[in-house]
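User: Could you take a close look at one part for me, the place where the two chains meet, and tell me what lies around it?

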Amino acid sequence: MIEVTDLSKRFGDKVAVDHLSFTVQPGRVTGFLGPNGAGKSTTMRLILGLDHPSGGSATINGRKYAELASPLRTVGALLEAKSVHSGRSARNHLLFLAQTQGLPPSRADEMLDMVGLRDVARKRAGGFSLGMGQRLGVAAALLGDPQVLLLDEPVNGLDPEGVLWIRNLMKYLASQGKTVLVSSHLMNEMAVTADHLVVIGRGKLIVSAATEDVIARGSGQTVRVRTPEPGRLTDLIVTEGGKAIPAENGNGGAAAPDGQAPVLTVTGLAAPRIGELAASASIVLHELTPQLATLEDAFLELTSESLEFGHASAQPAGQSIEENVR
Amino acid sequence: MSMTTASGQLDSAATQASQPGGAAGFGRLMAAEWTKLRSVRSTVWTLLLFVIITIGLTALLSWLTVSNWTGPRAAPRDARVAADPIGFIFGAGIGLGQLTICVLGVLLITTEYSTGVIRASLLAVPKRYPMLAAKLVVFGLLMLVLAELVAFGSFFAGSAILHSRVAVSLSGPGVLRATLGAGFYLTVLGILAVAVGAIVRHTAAGISIVIGIVLVLPILAGLLPSSWGAHINAYLPQQAGSLIYAVHQSSGQLLTAWEGFGVFCIWTVLLLAVAAYLLNRRDA
């Protein structure tokens with residue numbers, strides 16, 4: 001189990017992690033989600049003792065990382081940044097790691113077999129493709145058969161085969177009762193992999209909940225409404241406690257072409273209630289569509305206010321969010 | 001996928017290995033640092049270069065000197081060689097060979113940062129003082145063996161070639177100390193370079209600084225007014241440290257050979273203390 005308690009990290013004036021608290025339970029894959037720059041990697045580096053926290057603490061199975069006797073036998077980590085000497089062979093990389101833990105050299109060979117790098121075991125790691133490098137990283141992470149795994153953006157840049165391999169590996173490890181924390185900015189990847197989500201933005205916790213709950217909490221309540229009287233309907237929705245935002249994509253907003261009525265995106269009210277409100281005020285509706293919830297929508301909604309570079313600029317909101325998420 | 005079997009095999013492997021104790025734990029770290037050192041081509045090549053340059057240059061210059069002995073324009077040079085053969089033997093070979101040690105010491109730690117392997121190292125060994133200590137002990141022992149081999153190799157190559165003109169033997173006053181001392185000097189220089197590398201964490205900057213300490217500082221100090229410039233000069237790392245492999249005391253020399261070496265070691269320990277403090281305190 002990983003416990004993060006009131007964890008903070010400042011780099012000069014910049015707050016990267018801001019009083020963050022969450023726990024990661026064993027036996028399931030926990031997705032660590034957030035836009036780029038949200039503080040995911042920094043949080044992982046703090047958990048792993050690579051960076052020193054400005055405040056708070058992070059423990060693994062109740063102990064700080066630096067206090068673990070043979071850390072690789074307790075925790076395996078795959079960092080996003082490269083951590084292999086390009087001039088050293090894959091086998092020698094695993095060999096020196098095994099030696100620090102008192103593991104036999106044969107363990108390095110077993111891991112190379114497991115990740116399918118046996119044929120290139122004695123080649124310089126600098127010549128490895130991205131996928132091979134990631135396999136070597138996985139071999140290093142699993143070297144000590146750890147109970148806890150931290151994977152930072154493990155599928156970044158991998159081909160579909162590699163993505164599937166990592167995905168199955170994470171599910172397998174969780175099914176073995178291990179604690180698996182995997183960071184990503186790819187919602188769809190997490191939707192198919194993670195059982196539980198920890199979502200952060202600007203270093204702060206946004207939500208920590210089961211994946212399906214996060215989806216439900218998000219745009220499950222979003223309803224697309226088309227009406228020639230968006231002003232009156234918006235007022236009604238707001239008095240009922242909902243929120244209505246003029247849609248800006250396509251033919252949205254006040255500038256709807258071809259005489260089409262403007263579109264509102266409504267949150268906080270269900271479609272039947274919106275219909276009742278419109279009927280009671282005799283407002284004509286041209287469309288009333290509950291939006292299908294996706295994790296991506298839920299995520300965008302959860303993090304849109306905490307994006308590293310806010311979208312309060314002149315450029316369209318949708319475009320700005322996409323840039324930040326990709 | 002054979003993950004199940006891999007995990008099963010580890011259970012037996014893990015029970016074979018004992019829990020780490022103090023000495024056993026440090027032995028593991030040393031074994032790992034030795035693997036790191038020998039498994040990178042740049043360190044192996046730099047060490048080979050060190051051996052070849054130092055002994056080779058000593059032999060080459062000795063041979064050139066002997067074969068042009070008593071040339072009409074070389075009389076003052078011949079007199080210098082005859083007066084201080086040890087200074088001649090160790091002068092050029094170590095003067096150039098030491099630069100490879102400066103490079104190697106810096107590379108030993110800065111490549112960990114430039115390649116990112118420092119993260120893997122610190123994940124495996126989160127206690128940073130022991131990691132640095134293991135690295136220094138392994139590198140120091142390797143350097144000591146190689147540097148003594150090179151020192152004695154240079155001495156025997158140089159003295160054998162010079163033999164027909166100038167007789168030098170290990171039993172001469174101060175000769176054995178100077179030869180052993182050449183190895184000590186190069187070993188400590190290597191450790192000093194590791195310390196600088198750990199402080200700056202950048203290869204080019206680290207090499208520039210160490211070579212600056214060895215080659216440039218003495219020149220700059222030489223430009224100071226002689227009254228107090230000489231005192232500063234005497235206590236500079238390279239100036240003080242090189243006394244250990246000199247036989248002849250120059251006039252007005254402020255430190256003895258061992259005092260000079262002591263000053264050099266103090267410089268190295270101070271830099272190491274800064275390096276260890278920063279390594280522990282900084283984010284990796």
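**Where chain A meets chain B**

Happy to. In chain A, 41 residues are in contact with 37 residues of chain B, contact being C-beta atoms, placed from the backbone, within 7 Å. This is a predicted model, where local features need pLDDT of at least 70 and side-chain atom pairs count only at pLDDT 80 or more, while totals for chains, interfaces and linings use all residues. Residues are numbered from 1 along each chain as its sequence is written, with chains lettered from A and ligands numbered from 1 in the order in which they are written.

On the side of chain A that touches chain B, two or more residues each come from helix H2 (71-74), helix H3 (90-100) and helix H4 (106-114) of chain A; helices are DSSP runs of H or I with at least four residues, strands are runs of E with at least two, and both are numbered from the N terminus. H3(A) gives the largest share, 6 residues. By type, that side of chain A divides into 20 nonpolar, 13 polar and 8 charged residues. Here Ala, Val, Leu, Ile, Met, Phe, Trp, Tyr, Cys and Pro count as nonpolar, Asp, Glu, Lys and Arg as charged, and the others, Gly among them, as polar.

Chain A also holds an open sheet of 6 strands in the order S5-S6-S7-S3-S8-S9, with mixed pairing; strands pair if DSSP finds at least two bridges between them. Strand S5 (75-78) and strand S9 (204-210) of chain A are at the edges with a single partner strand each, so one side of each has no neighbour in the sheet. S5(A) runs parallel to strand S6 (residues 148-152) of chain A, joined by 4 bridges, and A:Val75 stands opposite A:Val148 in S6(A).

Technical notes. Contact = placed C-beta atoms within 7 Å.
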